[in-house]
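Colleague: Could we go through some of the labels in this model together? I would like to hear what stands behind each one.
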Amino acid sequence: MSHNTFGQLFRFTTWGESHGPAIGCVIDGCPPRIPISEDEIQHWMEKRRPGQSRFTTQRREPDAVRIISGVFEDEESGQLLTTGTPISIMIENVDARSKDYSEIKDRYRPGHADFTYDAKYGIRDWRGSGRASARETACRVAAGAVARKVVPGMIVRGALVQMGPHTINRGRWDWDAVDANPFFCPDAEMVDFFADYLDEIRKSGSSVGAVIEVIAHGIPAGLGAPIYGKLDQDVAAALMSINAVKGVEIGAGFAAASLTGEENADEMRIDDAGNRVFLSNNAGGVLGGISTGQALVARFAVKPTSSILAPRRTVTKANEEVEVSTKGRHDPCVGIRAVPIGEAMMAIVLADHYLRHRGQIG
């Protein structure tokens with residue numbers, strides 16, 4: 001299987017399967033002498049870790065990270081610093097239940113990659129979908145934790161802005177609320193509503209989708225290239241690579257189609273300090289594929305979890321027409337845990353482009 005590596009200068013390769021003994025990543029191209037520790041990485045892993053509330057899968061994985069290469073203790077500070085060599089990170093799987101899938105291993109689950117994996121490779125790991133499982137995204141969060149340290153002053157934050165058809169009130173956006181509720185929701189008044197709504201969905205054995213917004217602050221102007229290395233192009237590719245994502249937009253996104261040219265263009269002025277400033281950010285922080293220095297804003301749509309209790313029609317490897325119901329432990333809204341994954345992929349793209357820009361421009 002090819003295409004397990006993402007990025008150019010800052011790049012990472014993930015390995016392992018959902019029900020294998022471990023998963024992990026190898027980060028290549030990280031600059032030397034960047035302070036990093038397992039505790040720092042673990043902080044971000046905790047945001048994605050399963051089993052933390054009744055609204056996510058009850059698979060109990062501690063997601064404890066081990067750095068097994070690429071760092072060395074600084075003699076003066078005692079901190080672990082990156083050495084510029086490949087950083088290898090391992091995460092053990094401790095709570096896989098392969099028997100949950102044994103009864104349906106020959107049935108192609110609608111909405112899953114079962115059929116397409118068989119069609120492409122002629123063999124597939126049916127235990128929790130193998131490489132197709134969102135379990136792989138834990139490795140991305142680990143790589144993203146390192147990427148966050150590469151761009152000076154960069155802050156990447158994400159939030160759930162829609163669950164099913166229900167959207168937040170942007171006038172009540174509060175970043176402090178995001179880490180204070182199990183949905184990463186910036187609208188505190190919607191939390192109880194989302195809890196009741198998702199309880200109904202969960203108890204019925206169904207699932208719903210979500211929309212996640214990721215915002216990066218502290219990005220210098222000039223990252224990206226105008227033709228085949230557009231910054232927004234790579235952000236879109238990174239977010240689209242996340243499991244269950246079916247749509248990505250930058251800035252105003254699809255809403256820009258309903259704006260006039262006057263409304264959409266982000267006008268510029270000079271502030272009191274003599275700095276160039278934009279009066280709006282419909283472009284989402286990118287013009288002509290190059291960062292403007294404004295906040296980089298992206299949103300992505302996550303489809304409903306395909307693993308549901310409701311029986312659905314399908315076929316088997318032997319071309320029999322059957323029904324399938326997916327039992328076991330699954331997220332009623334996989335979009336919740338997609339928030340830290342989206343943050344990680346945004347950070348990785350920006351770290352990569354920062355190093356590419358530095359390599360070309362100096």
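Colleague: Why is Phe193 called partly exposed?

Modeller: Phe193 has a relative accessible area of 36%. Buried means under 20% relative accessible area and exposed over 50%, with partly exposed in between, using a 1.4 Å probe and protein chains only. The 36% falls in between, so Phe193 is partly exposed. This is a predicted model, in which local features need pLDDT of at least 70 and side-chain atom pairs count only at pLDDT 80 or more, while totals for chains, interfaces and linings use all residues. Residues are numbered from 1 along each chain as its sequence is written, and side-chain values use heavy atoms, with hydrogens and water left out.

Colleague: And what makes Tyr197 count as buried?

Modeller: Its relative accessibility is 15%, which is under 20%, so Tyr197 is buried.

Colleague: Why is the pair of Phe193 and Tyr197 called stacked?

Modeller: Rings of Phe, Tyr and Trp (its six-membered ring) pair if their centres lie within 6.5 Å; planes under 30 degrees apart count as stacked, over 60 as edge-to-face and the rest as tilted. Here the centres are 6.2 Å apart and the planes are at 5 degrees, so the pair is stacked. Both residues lie in helix α6, four residues apart, about one turn of the helix. Helices (H or I, at least four residues) and strands (E, at least two) are DSSP runs, numbered from the N terminus. Ring pairs also link Phe183, Phe193, Phe194 and Tyr197 into a cluster.

Colleague: What makes Phe6 and Phe12 a tilted pair?

Modeller: Their ring centres are 6.3 Å apart and the planes stand at 55 degrees, so the pair is tilted. Phe6 is partly exposed at 22%, whereas Phe12 is buried at 3%.

Colleague: How do you know that Arg148 lies over the face of Trp44?

Modeller: A charge sits over a ring if NZ of Lys or CZ of Arg is within 6 Å of the ring centre and within 35 degrees of the ring normal. Arg148 is 3.5 Å from the ring centre of Trp44 and lies over its face.

Colleague: Why does Arg33 count as exposed?

Modeller: Arg33 has 59% relative accessibility, which is over 50%, so the word is exposed. Arg33 is found in the loop between β3 and α1, and has a positive phi of about 65 degrees although it is not a glycine.
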